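Me: I have a structure open and would like to go through its fold and packing. Can we take it step by step?

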Amino acid sequence: MRGVSAIVLSGGRSTRMKANKAFIEIGSQPLLERIVNDLKQEFAEVILSTNEPHLYHGINVKLVQDIIPYRGPINGIHAGLSATAYSHAFVVACDMPFMDVKLAAFLADLAVGYDVVVPVVNGHYQPLYAVYSKACLPYIEENLKQNIYRIAAFYDHVRVRRVQASEIEMLVDKHKVFFNVNTPEDLAKAHEMSKSGGRKTGEKS
(Lines give C-alpha, C1' and ligand atoms only; values in the text may rest on other atoms or scores of the structure.)
Protein backbone atom coordinates (compact mmCIF):
# COMPACT_ATOMS: atom_id res chain seq x y z
CA MET A 1 0.00 0.00 0.00
CA ARG A 2 1.78 3.14 -1.25
CA GLY A 3 1.61 6.46 0.60
CA VAL A 4 -0.27 8.18 -2.18
CA SER A 5 -3.94 9.17 -2.31
CA ALA A 6 -6.35 8.46 -5.13
CA ILE A 7 -9.01 10.96 -6.17
CA VAL A 8 -12.02 9.90 -8.24
CA LEU A 9 -13.83 12.75 -9.99
CA SER A 10 -17.61 12.50 -10.15
CA GLY A 11 -18.58 16.15 -10.23
CA GLY A 12 -20.06 16.60 -13.68
CA ARG A 13 -23.69 16.97 -14.64
CA SER A 14 -23.65 14.09 -17.16
CA THR A 15 -25.80 16.19 -19.49
CA ARG A 16 -24.91 14.23 -22.61
CA MET A 17 -25.44 10.84 -20.96
CA LYS A 18 -28.73 11.87 -19.30
CA ALA A 19 -27.80 9.65 -16.34
CA ASN A 20 -25.21 9.64 -13.56
CA LYS A 21 -22.18 8.03 -15.19
CA ALA A 22 -20.80 6.83 -11.87
CA PHE A 23 -23.61 4.30 -11.54
CA ILE A 24 -23.67 3.01 -15.11
CA GLU A 25 -22.94 -0.70 -15.23
CA ILE A 26 -20.41 -2.29 -17.54
CA GLY A 27 -19.75 -5.95 -16.93
CA SER A 28 -22.52 -6.06 -14.29
CA GLN A 29 -20.71 -3.63 -11.96
CA PRO A 30 -21.20 0.15 -11.59
CA LEU A 31 -18.24 2.13 -12.94
CA LEU A 32 -17.56 3.95 -9.70
CA GLU A 33 -17.75 0.83 -7.55
CA ARG A 34 -15.21 -1.00 -9.67
CA ILE A 35 -12.82 1.96 -9.83
CA VAL A 36 -12.96 2.56 -6.08
CA ASN A 37 -12.48 -1.12 -5.23
CA ASP A 38 -9.48 -1.40 -7.54
CA LEU A 39 -7.85 1.78 -6.22
CA LYS A 40 -8.19 0.58 -2.63
CA GLN A 41 -5.88 -2.30 -3.49
CA GLU A 42 -2.95 0.04 -4.17
CA PHE A 43 -3.59 3.43 -2.55
CA ALA A 44 -3.64 4.34 1.13
CA GLU A 45 -6.56 6.74 0.74
CA VAL A 46 -9.39 7.08 -1.78
CA ILE A 47 -11.30 10.36 -2.08
CA LEU A 48 -14.41 11.01 -4.14
CA SER A 49 -14.90 14.53 -5.43
CA THR A 50 -18.57 15.20 -6.15
CA ASN A 51 -21.12 17.99 -6.12
CA GLU A 52 -23.86 15.60 -5.03
CA PRO A 53 -22.48 13.91 -1.90
CA HIS A 54 -25.92 12.69 -0.82
CA LEU A 55 -25.83 10.18 -3.68
CA TYR A 56 -22.64 8.51 -2.47
CA HIS A 57 -23.04 7.90 1.26
CA GLY A 58 -23.13 4.14 0.68
CA ILE A 59 -19.59 4.22 -0.70
CA ASN A 60 -16.91 3.93 1.97
CA VAL A 61 -14.62 6.75 0.85
CA LYS A 62 -13.93 10.32 1.91
CA LEU A 63 -16.24 12.76 0.11
CA VAL A 64 -15.26 16.30 -0.90
CA GLN A 65 -17.10 19.01 -2.84
CA ASP A 66 -15.90 21.67 -5.27
CA ILE A 67 -15.38 25.11 -3.79
CA ILE A 68 -16.94 26.52 -6.98
CA PRO A 69 -19.14 23.73 -8.38
CA TYR A 70 -19.65 22.87 -12.03
CA ARG A 71 -16.58 24.57 -13.42
CA GLY A 72 -15.03 21.41 -14.80
CA PRO A 73 -12.71 18.72 -13.48
CA ILE A 74 -9.99 21.18 -12.44
CA ASN A 75 -12.24 22.08 -9.50
CA GLY A 76 -12.48 18.45 -8.49
CA ILE A 77 -8.71 18.07 -8.62
CA HIS A 78 -8.39 21.19 -6.48
CA ALA A 79 -10.92 19.96 -3.91
CA GLY A 80 -9.39 16.50 -3.74
CA LEU A 81 -5.78 17.68 -3.45
CA SER A 82 -6.80 20.13 -0.71
CA ALA A 83 -8.21 17.23 1.31
CA THR A 84 -5.56 14.56 0.79
CA ALA A 85 -3.51 13.20 3.66
CA TYR A 86 -0.53 12.64 1.37
CA SER A 87 1.64 14.86 -0.81
CA HIS A 88 0.61 13.22 -4.07
CA ALA A 89 -2.62 11.85 -5.49
CA PHE A 90 -3.55 9.84 -8.53
CA VAL A 91 -6.57 11.42 -10.21
CA VAL A 92 -9.04 9.57 -12.42
CA ALA A 93 -12.48 10.35 -13.83
CA CYS A 94 -15.37 8.11 -12.81
CA ASP A 95 -16.40 7.55 -16.43
CA MET A 96 -13.31 5.54 -17.46
CA PRO A 97 -14.57 1.94 -17.49
CA PHE A 98 -11.18 0.38 -18.22
CA MET A 99 -9.17 2.17 -15.54
CA ASP A 100 -6.23 -0.12 -14.78
CA VAL A 101 -4.79 0.05 -11.28
CA LYS A 102 -1.43 -1.32 -12.47
CA LEU A 103 -0.94 1.77 -14.61
CA ALA A 104 -2.21 4.01 -11.80
CA ALA A 105 0.36 2.50 -9.43
CA PHE A 106 3.10 2.82 -12.06
CA LEU A 107 2.37 6.54 -12.48
CA ALA A 108 2.33 7.04 -8.70
CA ASP A 109 5.71 5.36 -8.36
CA LEU A 110 7.17 7.80 -10.93
CA ALA A 111 6.08 10.82 -8.90
CA VAL A 112 9.16 11.16 -6.69
CA GLY A 113 10.69 14.52 -7.59
CA TYR A 114 7.74 15.61 -9.74
CA ASP A 115 4.54 17.57 -9.23
CA VAL A 116 2.67 16.08 -12.18
CA VAL A 117 2.99 12.67 -13.80
CA VAL A 118 0.83 12.61 -16.91
CA PRO A 119 0.51 10.18 -19.82
CA VAL A 120 0.93 11.55 -23.33
CA VAL A 121 -0.80 9.59 -26.10
CA ASN A 122 -0.76 10.67 -29.74
CA GLY A 123 0.57 14.05 -28.65
CA HIS A 124 -2.24 14.67 -26.17
CA TYR A 125 -2.12 14.81 -22.39
CA GLN A 126 -4.36 12.49 -20.39
CA PRO A 127 -4.86 14.86 -17.41
CA LEU A 128 -7.70 12.85 -15.88
CA TYR A 129 -5.48 9.79 -15.50
CA ALA A 130 -2.52 11.47 -13.86
CA VAL A 131 -0.73 12.15 -10.59
CA TYR A 132 -0.63 15.60 -8.96
CA SER A 133 1.12 16.96 -5.89
CA LYS A 134 -0.07 19.53 -3.40
CA ALA A 135 2.56 21.87 -4.86
CA CYS A 136 0.14 22.32 -7.79
CA LEU A 137 -2.52 23.91 -5.59
CA PRO A 138 -1.34 27.56 -5.73
CA TYR A 139 -1.19 27.46 -9.54
CA ILE A 140 -4.57 25.77 -9.82
CA GLU A 141 -6.07 28.36 -7.49
CA GLU A 142 -4.59 31.20 -9.49
CA ASN A 143 -6.05 29.78 -12.70
CA LEU A 144 -9.45 29.34 -11.06
CA LYS A 145 -9.39 33.00 -10.03
CA GLN A 146 -8.75 33.89 -13.67
CA ASN A 147 -11.48 31.53 -14.93
CA ILE A 148 -8.91 29.29 -16.60
CA TYR A 149 -10.26 25.76 -16.43
CA ARG A 150 -7.96 23.87 -18.78
CA ILE A 151 -6.09 21.47 -16.53
CA ALA A 152 -2.76 21.55 -18.38
CA ALA A 153 -2.65 25.35 -18.26
CA PHE A 154 -0.56 25.28 -15.08
CA TYR A 155 1.86 22.54 -16.15
CA ASP A 156 4.56 25.02 -17.22
CA HIS A 157 4.83 26.21 -13.61
CA VAL A 158 5.54 22.81 -12.02
CA ARG A 159 7.79 19.79 -12.48
CA VAL A 160 6.14 17.48 -15.00
CA ARG A 161 7.01 13.89 -15.85
CA ARG A 162 5.50 13.09 -19.23
CA VAL A 163 4.89 9.38 -19.63
CA GLN A 164 5.08 8.31 -23.25
CA ALA A 165 2.89 5.76 -25.00
CA SER A 166 5.80 3.32 -25.28
CA GLU A 167 6.03 3.19 -21.48
CA ILE A 168 2.28 2.78 -21.09
CA GLU A 169 2.08 -0.05 -23.62
CA MET A 170 4.38 -2.18 -21.50
CA LEU A 171 1.53 -2.44 -18.98
CA VAL A 172 -1.82 -1.83 -20.65
CA ASP A 173 -3.65 -1.32 -23.92
CA LYS A 174 -3.51 2.44 -24.57
CA HIS A 175 -6.58 2.20 -26.82
CA LYS A 176 -8.60 0.84 -23.91
CA VAL A 177 -7.38 2.36 -20.69
CA PHE A 178 -8.07 6.04 -21.52
CA PHE A 179 -11.49 5.47 -23.08
CA ASN A 180 -14.23 7.42 -21.33
CA VAL A 181 -18.02 7.30 -21.50
CA ASN A 182 -19.73 10.62 -22.17
CA THR A 183 -22.69 9.67 -24.36
CA PRO A 184 -25.01 6.70 -24.93
CA GLU A 185 -22.95 5.99 -28.05
CA ASP A 186 -19.79 5.83 -25.96
CA LEU A 187 -21.55 3.45 -23.57
CA ALA A 188 -22.47 1.15 -26.44
CA LYS A 189 -18.82 1.20 -27.56
CA ALA A 190 -17.69 0.42 -24.01
CA HIS A 191 -19.96 -2.63 -23.88
CA GLU A 192 -18.56 -3.72 -27.24
CA MET A 193 -14.99 -3.16 -26.09
CA SER A 194 -15.61 -5.09 -22.89
CA LYS A 195 -16.79 -8.10 -24.85
CA SER A 196 -14.01 -7.89 -27.44
CA GLY A 197 -11.14 -7.48 -25.02
CA GLY A 198 -10.88 -3.71 -25.19
CA ARG A 199 -10.91 -2.68 -28.85
CA LYS A 200 -13.78 -1.58 -30.98
CA THR A 201 -14.61 -3.98 -33.76
CA GLY A 202 -12.24 -3.46 -36.69
CA GLU A 203 -9.83 -1.25 -34.76
CA LYS A 204 -6.14 -1.78 -35.48
CA SER A 205 -3.21 -1.26 -33.16
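Reply: Helices here are DSSP runs of H or I with at least four residues, and strands are E runs of at least two, numbered from the N terminus. The model is a predicted one. Counted in this way, the secondary structure comes to seven helices and eight strands.

Me: What percentage of the residues count as buried?

Reply: Buried means a relative accessible area under 20%. The protein has 205 residues, and the share of them that counts as buried is 52%.

Me: Which element supplies the largest share of the largest nonpolar core?

Reply: That core has 34 residues, and among the members touching the most others are Val8, Phe43 and Phe90. Elements that each supply at least two residues include strand 1 (2-10), helix 1 (31-40), strand 4 (88-93) and helix 3 (101-109). The largest share is five residues, and it comes from helix 3.

Me: At the start of helix 3, which residue has a side-chain oxygen that reaches a backbone nitrogen?

Reply: The buried residues of helix 3 include Val101, Leu103 and Ala104. At the start of this helix, the backbone nitrogen of Lys102 has a side-chain oxygen within 2.8 Å. That oxygen belongs to Asp100.

Me: Which residues of helix 4 make the contact with helix 2?

Reply: Two packed helices are described by the angle between their axes and the distance between the axes. For helix 2 (residues 73-83) and helix 4 (residues 137-145), the axes come within 10 Å and cross at roughly 140 degrees. The crossing is left-handed. Helix 2 contributes Ile74, Asn75, Ile77, His78, Leu81 and Ser82, and the residues from helix 4 are Leu137, Ile140, Glu141 and Leu144.

Me: Is Asn180 buried, exposed or partly exposed?

Reply: Asn180 is in the loop between helix 6 (174-177) and helix 7 (184-195). Its relative accessible area is 29%, and the cut-offs are under 20% for buried and over 50% for exposed. Asn180 is therefore partly exposed.

Me: What distance separates the C-alpha atoms of Asn180 and Met96?

Reply: Leaving aside neighbours within four places in sequence, Asn180 is in contact with Asp95, Met96, Pro97 and Asp186. Met96 is 84 residues from Asn180 along the chain, and their C-alpha atoms are separated by 4.4 Å.

Me: What share of the contacts with a separation of 6 or more comes from residues 24 or more positions apart?

Reply: The pair Asn180 and Met96 is 84 residues apart along the chain. For the protein, the share of such contacts made by residues 24 or more positions apart is 69%.

How values were computed
Residues are numbered from 1 along each chain as its sequence is written. This is a predicted model: local features need pLDDT of at least 70, side-chain atom pairs count only at pLDDT 80 or more; totals for chains, interfaces and linings use all residues. Side-chain values use heavy atoms; hydrogens and water are left out. A nonpolar core is a set of buried Ala, Val, Leu, Ile, Met, Phe, Trp, Tyr and Cys residues joined through side-chain atoms within 4.5 Å. Buried means under 20% relative accessible area, exposed over 50%, partly exposed in between (1.4 Å probe, protein chains only). A polar contact is a pair of N or O atoms within 3.5 Å; within protein, one must be able to donate a hydrogen and the other to accept it, and residues adjacent in sequence count only if both atoms are side-chain atoms. Contact means heavy atoms within 4.5 Å. Axes are lines fitted to C-alpha atoms, for helices over the stretch in contact, and angles run from 0 to 180 degrees between N-to-C directions. A crossing is left-handed if the near helix is turned anticlockwise from the far one by less than a right angle, and right-handed if clockwise.
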